[in-house]
Amino acid sequence: MVLMEPILYIIIAVITYGIWIWKKKPLRAISYLGRIVFLTGCVILLTYYLLPLPLDSVAFRLFMDPLLPLNEAIKINPVAQVLEDKRHLDYYFANLFSLFGGAALCGFSVDLLFDKTLSVRKHLQLSFLIPAGFFVFHAAFRLLTGYKWKIADSGQILWFMLFYFLGYGVCLLAEKVRKGDS
């Protein structure tokens, strides 16, 4: 059995939201919406990074390749990946749209989650650590098991950081407009 739909992640997000509101009520009314936007971004990112998810050994074996070469398991050079697929750039970017959306939603909503805004340095750390963690997870998982469905691509770290900061920039712009500083 293979989980192909994000229903599990949506259920986890709804439960997380309920517990989050119950345990820590936000001081700002906008934080309720910020938490919904953030969890939506997280669901999109989990869907991108972790689906399809094999739930039994038969499904897991379907996605395995014991002779998977190292250069097919891990893509280190993002420019080489794009150049390699330059005839198929539409396909390359079509696979990344959910990454773009999830990263932008997370970047937009992180400052809305808490009572205080985060520094740019913290945003930079978040925008690097989240995709880098998934990269290391996918790389290690692919090398240890031969799981061939998801590629560990370092270019995804750069795309995540770019769209995270685009979302963060939109949040800063909206805050300026709200305050009337435009």
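Contact, in this talk, means heavy atoms within 4.5 Å. Hello everyone, and with that in hand, let's start at tyrosine 49. This is a predicted model, where local features need pLDDT of at least 70, side-chain atom pairs count only at pLDDT 80 or more, and totals for chains, interfaces and linings use all residues. Residues are numbered from 1 along each chain as its sequence is written, and side-chain values use heavy atoms, with hydrogens and water left out.

So, what does tyrosine 49 touch, not counting residues up to four places away in sequence? The list is Leu99, Pro131, Phe134, His138, Lys150, Gln156 and Phe160. Tyrosine 49 sits in helix H2; helices here are DSSP runs of H or I with at least four residues, strands are runs of E with at least two, and both are numbered from the N terminus. At 3% relative accessibility, tyrosine 49 counts as buried, a word that means under 20% relative accessible area, with exposed over 50% and partly exposed in between, using a 1.4 Å probe and protein chains only. Serine 98 is 49 residues from tyrosine 49 in sequence, yet their C-alpha atoms are 9.6 Å apart in space.

Buried residues in H2 include Arg35, Phe38, Tyr48 and Tyr49. The buried residues of H2 pack against H1 (7–23), H7 (97–113), H8 (120–145) and H9 (155–179).

Now for the rings. Rings of Phe, Tyr and Trp (its six-membered ring) pair if their centres lie within 6.5 Å; planes under 30 degrees apart are stacked, over 60 edge-to-face, and the rest tilted. How many aromatic pairs does that rule give? It gives eight. Phenylalanine 100 and phenylalanine 163 make a stacked one, 4.1 Å centre to centre with 15° between the planes. Since phenylalanine 100 is in H7 and phenylalanine 163 in H9, the pair ties together parts 63 residues apart in sequence. Phenylalanine 160 and tyrosine 164 are also stacked, at 6.1 Å and 25°. These two are four residues apart in H9, about one helical turn, and both are buried. Ring pairs also link Phe97, Phe100, Trp159 and Phe163 into a cluster.

Last stop, pockets. On a 1 Å grid over the protein atoms alone, a cavity is a set of points where a 1.4 Å probe fits but cannot get out, while a pocket is an open set with protein on both sides within 12 Å along at least five of seven lines; lining residues have an atom within 4 Å of a point. Grid points are joined across faces, edges and corners, and a volume is the space filled by probe spheres set on the points. The largest pocket holds about 580 Å³. Of its 21 lining residues, Tyr48, Tyr91, Asn95, Trp149 and Lys150 lie nearest the centre. The second largest pocket has about 200 Å³, and H9 gives the largest share of its lining, four residues. Thanks, everyone!
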